[in-house]
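Visitor: Could you walk me through this structure? I'm new to this, so please take it slowly.

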Amino acid sequence: MINDACAIQQNLRQRANRALPGGVSSNTRLLNPHLIVERARGCRLWDADGNEYLDYLLGQGPNFLGYGPPRVVEKIVAAQGDGIIYAATHRREIEAAERVLGVLPWADQLRFGSSSSEMIQAAMRIARNATGRRNVLRFHGHYHGWFDNIQIRSDGVRALPGSLGQLPEALDPTLTIAWNDPDAFVAALREHADTIAAVVMEPMMLNAGAIVPAPGYLELVREQCARSGIVLIFDETISGFRVALGGAAERFGVTPDLAVYGKAMAAGWPCAALVGRAELFTDVATGALTHAGTFNGNTIATAAVLASLDELEDRSVYRHVEAVGADLMDGLAALLENHGVPLRLQGLPMAFHARFDDNPEPITRFEQLQEIDAQRYGRFAIQLIESGIWVASRGIWYVSAAHNDDDIEDTLKRFDAVLTEMTDA
Ligand SMILES: Cc1ncc(COP(=O)(O)O)c(C=O)c1O
(Lines give C-alpha, C1' and ligand atoms only; values in the text may rest on other atoms or scores of the structure.)
Protein backbone atom coordinates (compact mmCIF):
# COMPACT_ATOMS: atom_id res chain seq x y z
CA MET A 1 0.00 0.00 0.00
CA ILE A 2 1.54 3.29 -0.98
CA ASN A 3 1.37 5.71 1.94
CA ASP A 4 3.75 8.17 3.62
CA ALA A 5 5.81 5.32 5.02
CA CYS A 6 6.46 4.07 1.49
CA ALA A 7 8.79 6.72 0.13
CA ILE A 8 10.42 4.51 -2.48
CA GLN A 9 7.10 3.42 -3.91
CA GLN A 10 5.79 6.97 -3.91
CA ASN A 11 8.71 8.06 -6.00
CA LEU A 12 8.37 5.07 -8.36
CA ARG A 13 4.63 5.65 -8.67
CA GLN A 14 5.27 9.22 -9.82
CA ARG A 15 7.76 7.95 -12.37
CA ALA A 16 5.33 5.21 -13.46
CA ASN A 17 2.58 7.78 -13.95
CA ARG A 18 4.85 9.90 -16.12
CA ALA A 19 6.13 7.06 -18.30
CA LEU A 20 3.13 4.69 -18.50
CA PRO A 21 -0.47 5.88 -19.08
CA GLY A 22 -2.17 5.38 -15.71
CA GLY A 23 1.14 4.08 -14.39
CA VAL A 24 0.39 0.57 -15.70
CA SER A 25 0.80 -1.63 -18.78
CA SER A 26 -2.67 -3.20 -18.59
CA ASN A 27 -5.89 -1.47 -17.61
CA THR A 28 -6.98 -4.30 -15.33
CA ARG A 29 -4.10 -3.22 -13.07
CA LEU A 30 -5.75 0.18 -12.60
CA LEU A 31 -8.10 -1.70 -10.28
CA ASN A 32 -5.18 -2.69 -8.05
CA PRO A 33 -2.96 0.38 -7.91
CA HIS A 34 -1.61 -0.23 -4.46
CA LEU A 35 1.86 -1.65 -4.88
CA ILE A 36 5.01 -1.16 -6.85
CA VAL A 37 6.44 -4.66 -6.76
CA GLU A 38 10.13 -5.35 -6.41
CA ARG A 39 10.17 -9.15 -6.62
CA ALA A 40 8.27 -12.34 -5.74
CA ARG A 41 9.13 -15.88 -4.73
CA GLY A 42 6.88 -18.84 -3.98
CA CYS A 43 3.58 -17.40 -2.76
CA ARG A 44 5.05 -14.15 -1.39
CA LEU A 45 5.91 -10.86 -2.96
CA TRP A 46 7.73 -7.77 -1.78
CA ASP A 47 7.05 -4.16 -2.65
CA ALA A 48 9.78 -1.67 -3.42
CA ASP A 49 9.84 -0.53 0.22
CA GLY A 50 10.53 -4.07 1.38
CA ASN A 51 7.06 -4.93 2.73
CA GLU A 52 6.11 -8.59 2.36
CA TYR A 53 2.73 -9.90 1.15
CA LEU A 54 1.11 -13.30 0.97
CA ASP A 55 -0.14 -13.40 -2.59
CA TYR A 56 -3.65 -14.55 -3.52
CA LEU A 57 -3.74 -12.65 -6.80
CA LEU A 58 -0.94 -14.61 -8.49
CA GLY A 59 -0.62 -12.18 -11.39
CA GLN A 60 -4.36 -12.62 -12.12
CA GLY A 61 -3.99 -16.39 -12.02
CA PRO A 62 -1.00 -17.54 -14.07
CA ASN A 63 1.43 -18.27 -11.22
CA PHE A 64 -0.24 -21.55 -10.33
CA LEU A 65 3.12 -23.03 -9.32
CA GLY A 66 4.09 -19.90 -7.39
CA TYR A 67 6.72 -17.37 -8.40
CA GLY A 68 10.01 -18.61 -9.82
CA PRO A 69 9.43 -22.37 -9.38
CA PRO A 70 13.09 -23.51 -9.43
CA ARG A 71 12.79 -26.53 -11.76
CA VAL A 72 10.68 -24.53 -14.23
CA VAL A 73 13.08 -21.60 -14.20
CA GLU A 74 16.04 -23.89 -14.83
CA LYS A 75 14.42 -25.42 -17.91
CA ILE A 76 13.41 -22.07 -19.32
CA VAL A 77 16.86 -20.57 -18.85
CA ALA A 78 18.29 -23.59 -20.66
CA ALA A 79 15.80 -23.18 -23.50
CA GLN A 80 16.60 -19.50 -23.88
CA GLY A 81 20.17 -20.36 -24.76
CA ASP A 82 18.91 -22.15 -27.88
CA GLY A 83 17.44 -18.97 -29.35
CA ILE A 84 13.87 -17.73 -28.96
CA ILE A 85 12.06 -17.79 -32.30
CA TYR A 86 13.11 -19.23 -35.66
CA ALA A 87 10.19 -18.58 -38.04
CA ALA A 88 10.03 -22.36 -38.23
CA THR A 89 8.60 -25.18 -36.16
CA HIS A 90 10.92 -26.59 -33.51
CA ARG A 91 11.19 -29.68 -31.36
CA ARG A 92 9.98 -28.13 -28.08
CA GLU A 93 6.91 -26.72 -29.84
CA ILE A 94 5.93 -30.14 -31.15
CA GLU A 95 6.52 -31.77 -27.77
CA ALA A 96 4.58 -29.05 -25.94
CA ALA A 97 1.63 -29.46 -28.34
CA GLU A 98 1.67 -33.24 -27.87
CA ARG A 99 1.85 -32.95 -24.09
CA VAL A 100 -1.03 -30.44 -23.91
CA LEU A 101 -3.14 -32.65 -26.17
CA GLY A 102 -2.19 -35.60 -23.98
CA VAL A 103 -4.01 -34.06 -21.02
CA LEU A 104 -7.00 -32.91 -23.11
CA PRO A 105 -8.18 -36.22 -24.56
CA TRP A 106 -11.16 -34.64 -26.32
CA ALA A 107 -8.91 -32.52 -28.57
CA ASP A 108 -6.85 -33.40 -31.68
CA GLN A 109 -4.79 -30.31 -32.51
CA LEU A 110 -3.75 -26.91 -31.26
CA ARG A 111 -2.14 -23.64 -32.22
CA PHE A 112 0.00 -21.65 -29.79
CA GLY A 113 -0.25 -17.88 -29.36
CA SER A 114 0.86 -15.29 -26.86
CA SER A 115 -2.42 -14.18 -25.27
CA SER A 116 -5.91 -15.52 -24.80
CA SER A 117 -7.43 -12.37 -26.30
CA GLU A 118 -5.95 -13.30 -29.68
CA MET A 119 -6.81 -17.01 -29.34
CA ILE A 120 -10.47 -16.10 -28.81
CA GLN A 121 -10.34 -14.15 -32.07
CA ALA A 122 -8.95 -17.19 -33.86
CA ALA A 123 -11.63 -19.39 -32.32
CA MET A 124 -14.45 -17.13 -33.53
CA ARG A 125 -12.93 -16.94 -37.02
CA ILE A 126 -12.70 -20.73 -37.19
CA ALA A 127 -16.29 -21.14 -35.98
CA ARG A 128 -17.62 -18.68 -38.57
CA ASN A 129 -15.71 -20.46 -41.30
CA ALA A 130 -16.91 -23.89 -40.21
CA THR A 131 -20.57 -22.94 -39.98
CA GLY A 132 -20.96 -20.21 -42.61
CA ARG A 133 -22.80 -18.25 -39.91
CA ARG A 134 -22.08 -14.83 -38.50
CA ASN A 135 -23.19 -14.51 -34.90
CA VAL A 136 -21.66 -15.42 -31.56
CA LEU A 137 -23.71 -16.13 -28.45
CA ARG A 138 -21.97 -15.09 -25.24
CA PHE A 139 -22.84 -14.36 -21.62
CA HIS A 140 -23.16 -11.45 -19.20
CA GLY A 141 -20.18 -11.26 -16.85
CA HIS A 142 -17.85 -13.39 -18.98
CA TYR A 143 -14.64 -11.79 -20.22
CA HIS A 144 -12.95 -12.89 -23.43
CA GLY A 145 -10.31 -10.22 -23.95
CA TRP A 146 -10.25 -6.57 -24.81
CA PHE A 147 -10.77 -6.59 -28.60
CA ASP A 148 -13.55 -4.56 -30.26
CA ASN A 149 -15.82 -7.44 -31.19
CA ILE A 150 -15.95 -9.06 -27.75
CA GLN A 151 -15.32 -6.56 -24.94
CA ILE A 152 -18.56 -5.62 -23.22
CA ARG A 153 -19.71 -3.64 -20.22
CA SER A 154 -22.70 -5.42 -18.78
CA ASP A 155 -25.20 -4.71 -16.03
CA GLY A 156 -26.63 -8.19 -16.39
CA VAL A 157 -29.31 -7.00 -18.79
CA ARG A 158 -27.60 -4.90 -21.43
CA ALA A 159 -24.22 -5.52 -23.03
CA LEU A 160 -22.62 -2.31 -24.25
CA PRO A 161 -19.20 -1.63 -25.75
CA GLY A 162 -16.73 -1.92 -22.91
CA SER A 163 -14.39 0.88 -23.91
CA LEU A 164 -14.16 4.33 -25.39
CA GLY A 165 -12.97 4.16 -28.98
CA GLN A 166 -14.62 0.80 -29.59
CA LEU A 167 -16.81 0.65 -32.69
CA PRO A 168 -20.37 0.22 -31.37
CA GLU A 169 -21.27 -1.90 -34.40
CA ALA A 170 -18.37 -4.25 -33.66
CA LEU A 171 -20.62 -5.98 -31.14
CA ASP A 172 -23.51 -6.36 -33.61
CA PRO A 173 -22.77 -10.01 -34.36
CA THR A 174 -22.85 -10.92 -30.68
CA LEU A 175 -25.86 -11.79 -28.63
CA THR A 176 -25.44 -11.69 -24.83
CA ILE A 177 -27.62 -13.71 -22.47
CA ALA A 178 -27.61 -14.84 -18.83
CA TRP A 179 -25.23 -17.72 -18.05
CA ASN A 180 -26.24 -20.74 -15.98
CA ASP A 181 -29.84 -20.17 -17.03
CA PRO A 182 -31.08 -23.10 -19.15
CA ASP A 183 -34.30 -21.34 -20.13
CA ALA A 184 -32.45 -18.30 -21.45
CA PHE A 185 -30.17 -20.56 -23.47
CA VAL A 186 -32.97 -22.64 -24.95
CA ALA A 187 -34.95 -19.50 -25.81
CA ALA A 188 -31.94 -17.86 -27.51
CA LEU A 189 -31.33 -20.94 -29.63
CA ARG A 190 -34.98 -21.31 -30.47
CA GLU A 191 -34.95 -17.85 -31.97
CA HIS A 192 -31.41 -17.52 -33.36
CA ALA A 193 -29.81 -20.97 -33.81
CA ASP A 194 -29.62 -20.63 -37.61
CA THR A 195 -27.46 -17.54 -37.34
CA ILE A 196 -25.16 -18.62 -34.52
CA ALA A 197 -21.67 -19.79 -35.43
CA ALA A 198 -20.37 -20.18 -31.89
CA VAL A 199 -21.31 -20.18 -28.25
CA VAL A 200 -18.41 -18.88 -26.18
CA MET A 201 -18.31 -19.13 -22.40
CA GLU A 202 -16.18 -19.46 -19.33
CA PRO A 203 -17.29 -22.98 -18.31
CA MET A 204 -16.92 -21.86 -14.70
CA MET A 205 -17.60 -18.14 -14.29
CA LEU A 206 -14.40 -16.85 -12.75
CA ASN A 207 -14.25 -13.30 -14.03
CA ALA A 208 -17.31 -12.30 -12.04
CA GLY A 209 -17.84 -14.30 -8.87
CA ALA A 210 -16.60 -17.88 -8.82
CA ILE A 211 -19.75 -19.58 -10.00
CA VAL A 212 -19.75 -23.25 -10.89
CA PRO A 213 -22.14 -24.39 -13.60
CA ALA A 214 -25.50 -25.65 -12.31
CA PRO A 215 -25.91 -29.43 -12.61
CA GLY A 216 -26.93 -30.24 -16.17
CA TYR A 217 -26.29 -26.76 -17.57
CA LEU A 218 -23.09 -27.49 -19.52
CA GLU A 219 -24.58 -30.79 -20.70
CA LEU A 220 -27.62 -28.95 -22.04
CA VAL A 221 -25.46 -26.39 -23.83
CA ARG A 222 -23.28 -29.15 -25.27
CA GLU A 223 -26.23 -31.13 -26.54
CA GLN A 224 -28.05 -28.16 -28.04
CA CYS A 225 -24.92 -26.83 -29.77
CA ALA A 226 -24.31 -30.24 -31.33
CA ARG A 227 -27.91 -30.46 -32.44
CA SER A 228 -27.87 -26.98 -34.02
CA GLY A 229 -24.45 -27.26 -35.65
CA ILE A 230 -22.98 -24.55 -33.40
CA VAL A 231 -19.31 -24.59 -32.40
CA LEU A 232 -18.99 -24.65 -28.62
CA ILE A 233 -15.97 -22.69 -27.39
CA PHE A 234 -14.83 -22.97 -23.77
CA ASP A 235 -12.71 -20.05 -22.66
CA GLU A 236 -10.54 -21.89 -20.13
CA THR A 237 -8.07 -19.04 -19.74
CA ILE A 238 -8.51 -19.06 -15.96
CA SER A 239 -9.99 -22.52 -15.34
CA GLY A 240 -7.57 -24.40 -17.61
CA PHE A 241 -4.81 -26.31 -15.80
CA ARG A 242 -6.14 -24.80 -12.54
CA VAL A 243 -9.48 -26.34 -11.59
CA ALA A 244 -8.11 -29.68 -12.84
CA LEU A 245 -5.28 -30.74 -15.13
CA GLY A 246 -7.82 -30.94 -17.95
CA GLY A 247 -9.52 -27.72 -16.80
CA ALA A 248 -13.24 -27.24 -16.43
CA ALA A 249 -13.94 -29.70 -19.25
CA GLU A 250 -12.42 -32.43 -17.10
CA ARG A 251 -13.76 -31.18 -13.76
CA PHE A 252 -17.35 -30.87 -14.98
CA GLY A 253 -17.20 -33.69 -17.54
CA VAL A 254 -18.37 -31.76 -20.60
CA THR A 255 -16.19 -31.19 -23.65
CA PRO A 256 -16.29 -28.30 -26.13
CA ASP A 257 -15.33 -28.21 -29.82
CA LEU A 258 -12.66 -25.57 -29.28
CA ALA A 259 -11.07 -24.23 -26.11
CA VAL A 260 -8.69 -21.45 -25.21
CA TYR A 261 -5.99 -21.88 -22.57
CA GLY A 262 -3.44 -19.45 -21.15
CA LYS A 263 -2.45 -18.35 -17.65
CA ALA A 264 -1.70 -21.52 -15.59
CA MET A 265 -0.74 -23.57 -18.68
CA ALA A 266 2.74 -22.04 -18.76
CA ALA A 267 3.21 -21.29 -15.05
CA GLY A 268 3.26 -17.52 -15.59
CA TRP A 269 5.30 -17.35 -18.77
CA PRO A 270 3.32 -15.77 -21.63
CA CYS A 271 1.74 -18.50 -23.72
CA ALA A 272 -1.80 -19.29 -24.86
CA ALA A 273 -3.30 -22.05 -26.96
CA LEU A 274 -6.36 -22.68 -29.09
CA VAL A 275 -7.18 -26.37 -28.87
CA GLY A 276 -9.83 -28.34 -30.70
CA ARG A 277 -11.14 -30.96 -33.04
CA ALA A 278 -9.01 -31.59 -36.12
CA GLU A 279 -11.67 -30.87 -38.74
CA LEU A 280 -12.06 -27.32 -37.42
CA PHE A 281 -8.39 -26.66 -38.16
CA THR A 282 -8.46 -27.90 -41.78
CA ASP A 283 -8.45 -24.43 -43.35
CA VAL A 284 -5.96 -23.18 -40.77
CA ALA A 285 -3.60 -25.94 -41.86
CA THR A 286 -3.73 -24.94 -45.55
CA GLY A 287 -3.30 -21.26 -44.76
CA ALA A 288 -6.72 -20.36 -46.20
CA LEU A 289 -7.84 -19.26 -42.75
CA THR A 290 -5.25 -16.97 -41.22
CA HIS A 291 -3.90 -17.48 -37.77
CA ALA A 292 -0.49 -15.86 -37.29
CA GLY A 293 1.85 -14.25 -34.78
CA THR A 294 5.58 -13.54 -34.72
CA PHE A 295 6.08 -14.87 -31.21
CA ASN A 296 3.69 -17.84 -31.37
CA GLY A 297 5.15 -21.07 -30.04
CA ASN A 298 8.52 -19.53 -29.17
CA THR A 299 11.16 -21.48 -27.31
CA ILE A 300 10.60 -19.88 -23.93
CA ALA A 301 6.81 -20.21 -24.06
CA THR A 302 6.89 -23.84 -25.12
CA ALA A 303 9.65 -24.70 -22.65
CA ALA A 304 7.41 -23.15 -19.99
CA VAL A 305 4.48 -25.31 -21.07
CA LEU A 306 6.68 -28.43 -20.94
CA ALA A 307 8.18 -27.51 -17.57
CA SER A 308 4.75 -26.67 -16.16
CA LEU A 309 3.34 -30.01 -17.33
CA ASP A 310 6.34 -31.80 -15.80
CA GLU A 311 5.05 -30.50 -12.46
CA LEU A 312 1.33 -30.89 -13.08
CA GLU A 313 1.03 -34.23 -14.81
CA ASP A 314 1.31 -36.46 -11.74
CA ARG A 315 -1.67 -34.55 -10.30
CA SER A 316 -0.32 -34.39 -6.74
CA VAL A 317 -0.13 -30.61 -7.22
CA TYR A 318 -3.92 -30.55 -7.59
CA ARG A 319 -4.43 -32.58 -4.43
CA HIS A 320 -2.14 -30.17 -2.58
CA VAL A 321 -3.82 -27.00 -3.88
CA GLU A 322 -7.26 -28.44 -3.24
CA ALA A 323 -6.34 -29.29 0.37
CA VAL A 324 -4.54 -26.04 1.17
CA GLY A 325 -7.22 -23.94 -0.52
CA ALA A 326 -9.97 -25.78 1.37
CA ASP A 327 -8.15 -25.13 4.67
CA LEU A 328 -7.86 -21.48 3.76
CA MET A 329 -11.55 -21.19 2.88
CA ASP A 330 -12.59 -23.01 6.06
CA GLY A 331 -10.27 -20.88 8.20
CA LEU A 332 -11.50 -17.63 6.68
CA ALA A 333 -15.13 -18.71 7.05
CA ALA A 334 -14.61 -19.59 10.74
CA LEU A 335 -13.01 -16.20 11.45
CA LEU A 336 -15.81 -14.39 9.63
CA GLU A 337 -18.38 -16.25 11.66
CA ASN A 338 -16.57 -15.51 14.95
CA HIS A 339 -16.48 -11.83 14.14
CA GLY A 340 -20.03 -11.79 12.74
CA VAL A 341 -18.86 -10.30 9.43
CA PRO A 342 -21.15 -11.07 6.46
CA LEU A 343 -18.40 -11.77 3.96
CA ARG A 344 -19.40 -14.81 1.88
CA LEU A 345 -16.94 -17.15 0.17
CA GLN A 346 -17.76 -19.41 -2.73
CA GLY A 347 -16.10 -21.28 -5.54
CA LEU A 348 -13.38 -23.91 -5.55
CA PRO A 349 -10.34 -24.13 -3.26
CA MET A 350 -8.01 -23.07 -6.11
CA ALA A 351 -10.14 -20.08 -7.14
CA PHE A 352 -12.83 -18.63 -4.93
CA HIS A 353 -14.67 -15.37 -4.56
CA ALA A 354 -15.45 -13.18 -1.55
CA ARG A 355 -18.32 -10.71 -1.32
CA PHE A 356 -20.21 -8.79 1.34
CA ASP A 357 -23.75 -10.05 1.29
CA ASP A 358 -26.43 -10.38 3.97
CA ASN A 359 -27.75 -13.42 2.14
CA PRO A 360 -25.59 -16.45 3.01
CA GLU A 361 -26.84 -18.49 0.05
CA PRO A 362 -24.33 -19.00 -2.78
CA ILE A 363 -25.01 -16.91 -5.84
CA THR A 364 -25.57 -18.71 -9.12
CA ARG A 365 -26.11 -15.85 -11.58
CA PHE A 366 -24.26 -12.73 -12.67
CA GLU A 367 -27.36 -10.56 -12.02
CA GLN A 368 -27.08 -11.36 -8.30
CA LEU A 369 -23.57 -9.94 -8.28
CA GLN A 370 -24.97 -6.62 -9.49
CA GLU A 371 -26.89 -6.27 -6.24
CA ILE A 372 -23.97 -6.66 -3.83
CA ASP A 373 -21.83 -3.86 -2.44
CA ALA A 374 -18.68 -4.31 -4.52
CA GLN A 375 -17.25 -1.01 -3.23
CA ARG A 376 -17.36 -2.35 0.31
CA TYR A 377 -15.25 -5.33 -0.67
CA GLY A 378 -12.90 -2.98 -2.56
CA ARG A 379 -12.31 -1.02 0.69
CA PHE A 380 -11.86 -4.25 2.64
CA ALA A 381 -9.32 -5.46 0.05
CA ILE A 382 -7.25 -2.35 0.74
CA GLN A 383 -7.24 -3.22 4.46
CA LEU A 384 -6.11 -6.74 3.60
CA ILE A 385 -3.34 -5.40 1.39
CA GLU A 386 -2.23 -3.08 4.18
CA SER A 387 -2.02 -6.09 6.48
CA GLY A 388 0.15 -7.97 3.97
CA ILE A 389 -2.43 -10.04 2.07
CA TRP A 390 -2.28 -9.24 -1.65
CA VAL A 391 -5.74 -9.73 -3.16
CA ALA A 392 -7.75 -8.40 -6.07
CA SER A 393 -10.29 -5.69 -5.32
CA ARG A 394 -12.86 -7.57 -7.42
CA GLY A 395 -13.12 -10.43 -4.92
CA ILE A 396 -11.30 -13.32 -6.58
CA TRP A 397 -8.71 -15.30 -4.54
CA TYR A 398 -6.28 -17.66 -6.26
CA VAL A 399 -4.31 -20.36 -4.43
CA SER A 400 -1.07 -21.82 -5.79
CA ALA A 401 1.01 -24.96 -5.36
CA ALA A 402 3.50 -22.81 -3.44
CA HIS A 403 1.06 -22.06 -0.60
CA ASN A 404 1.58 -24.36 2.38
CA ASP A 405 0.10 -24.83 5.85
CA ASP A 406 2.37 -22.17 7.39
CA ASP A 407 1.32 -19.66 4.75
CA ILE A 408 -2.33 -20.36 5.47
CA GLU A 409 -1.76 -19.95 9.21
CA ASP A 410 0.06 -16.69 8.60
CA THR A 411 -2.76 -15.49 6.32
CA LEU A 412 -5.42 -16.37 8.87
CA LYS A 413 -3.58 -14.44 11.60
CA ARG A 414 -3.38 -11.36 9.42
CA PHE A 415 -7.01 -11.75 8.35
CA ASP A 416 -8.12 -12.10 11.97
CA ALA A 417 -6.28 -8.88 12.84
CA VAL A 418 -8.04 -7.03 10.02
CA LEU A 419 -11.44 -8.29 11.19
CA THR A 420 -10.66 -7.33 14.80
CA GLU A 421 -9.69 -3.83 13.74
CA MET A 422 -12.77 -3.57 11.54
CA THR A 423 -15.26 -4.77 14.13
CA ASP A 424 -13.63 -2.64 16.88
CA ALA A 425 -14.00 0.40 14.67
C1 LIG B 1 -11.62 -15.88 -19.37
C2 LIG B 1 -10.62 -14.98 -20.02
N3 LIG B 1 -10.52 -14.96 -21.35
C4 LIG B 1 -9.64 -14.18 -21.98
C5 LIG B 1 -8.77 -13.36 -21.28
C6 LIG B 1 -7.78 -12.52 -21.99
O7 LIG B 1 -6.53 -13.07 -21.80
P8 LIG B 1 -5.19 -12.27 -22.13
O9 LIG B 1 -5.07 -11.23 -21.08
O10 LIG B 1 -4.12 -13.33 -22.08
O11 LIG B 1 -5.35 -11.69 -23.49
C12 LIG B 1 -8.82 -13.37 -19.88
C13 LIG B 1 -7.93 -12.52 -19.10
O14 LIG B 1 -7.99 -12.43 -17.89
C15 LIG B 1 -9.78 -14.19 -19.22
O16 LIG B 1 -9.89 -14.22 -17.89
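Predicted model: local features only at pLDDT ≥ 70, side-chain atom pairs only at ≥ 80, totals over all residues.

Visitor: How many aromatic pairs does the structure hold?
Guide: To count as a pair, two ring centres must lie within 6.5 Å of each other. With that cut-off, the number of aromatic pairs in the structure is 11.

Visitor: Let's take Phe 352 and Trp 397. Is that pair stacked or edge-to-face?
Guide: A pair of rings is described by the distance of the centres and the angle of the planes. For Phe 352 and Trp 397, the centres are 5.6 Å apart and the planes are at 20°. Planes under 30 degrees apart count as one type and over 60 as another, so with its 20° this pair is stacked.

Visitor: How many residues apart in the chain are those two?
Guide: Phe 352 belongs to strand E14 (residues 351–356), while Trp 397 belongs to strand E16 (residues 396–398). Both residues are buried. The pair links distant parts of the chain, and the separation is 45 residues.

Visitor: And Phe 356 with Phe 380, stacked or edge-to-face?
Guide: Here the ring centres are 5.5 Å apart, and the planes stand at 85°. Anything over 60 degrees falls in one class, so this pair is edge-to-face.

Visitor: Which helix does Phe 380 lie in?
Guide: Phe 356 and Phe 380 are both buried. They sit 24 residues apart in sequence, with Phe 356 in strand E14, so their pairing ties together separate parts of the chain. The helix that holds Phe 380, residues 374–386, is H12.

Visitor: Which residue has its charged end over the ring of Phe 356?
Guide: Phe 356 is a member of an aromatic cluster that also includes Tyr 56, Tyr 377 and Phe 415. Over the ring of Phe 356, 4.1 Å from its centre, sits the charged end of Arg 376.

Visitor: What about Leu 58: buried or exposed?
Guide: Leu 58 is in the loop between strand E3 (52–55) and helix H2 (70–80). Its phi is positive, about 50°, although it is not a glycine. Under 20% relative accessible area is the cut-off, and Leu 58 has 0%, so it counts as buried.

Visitor: Arg 315 has a positive phi as well. What does its 33% relative accessibility count as?
Guide: Arg 315 has a phi of about 70° without being a glycine, and is found in the loop between helix H9 (299–312) and helix H10 (316–339). Buried needs under 20% and exposed over 50%. At 33%, Arg 315 therefore counts as partly exposed.

Visitor: Last one: which side chain joins that of Arg 355 in a polar contact?
Guide: Arg 355 is found in strand E14, and is buried with a relative accessible area of 1%. Its side chain has a polar contact of 3.2 Å, and the partner is Gln 346.

Key:
Residues numbered from 1 in each chain as written. Heavy atoms only, no water. Phe/Tyr/Trp six-rings, centres within 6.5 Å; stacked < 30°, edge-to-face > 60°. Helix = DSSP H or I, 4+ residues; strand = E, 2+ residues; numbered from the N terminus. Buried < 20%, exposed > 50% of the residue type's maximum accessible area, 1.4 Å probe, protein only. Lys NZ or Arg CZ within 6 Å of the ring centre and 35° of its normal. Polar contact = N/O pair within 3.5 Å; in protein donor to acceptor, adjacent residues only side chain to side chain.
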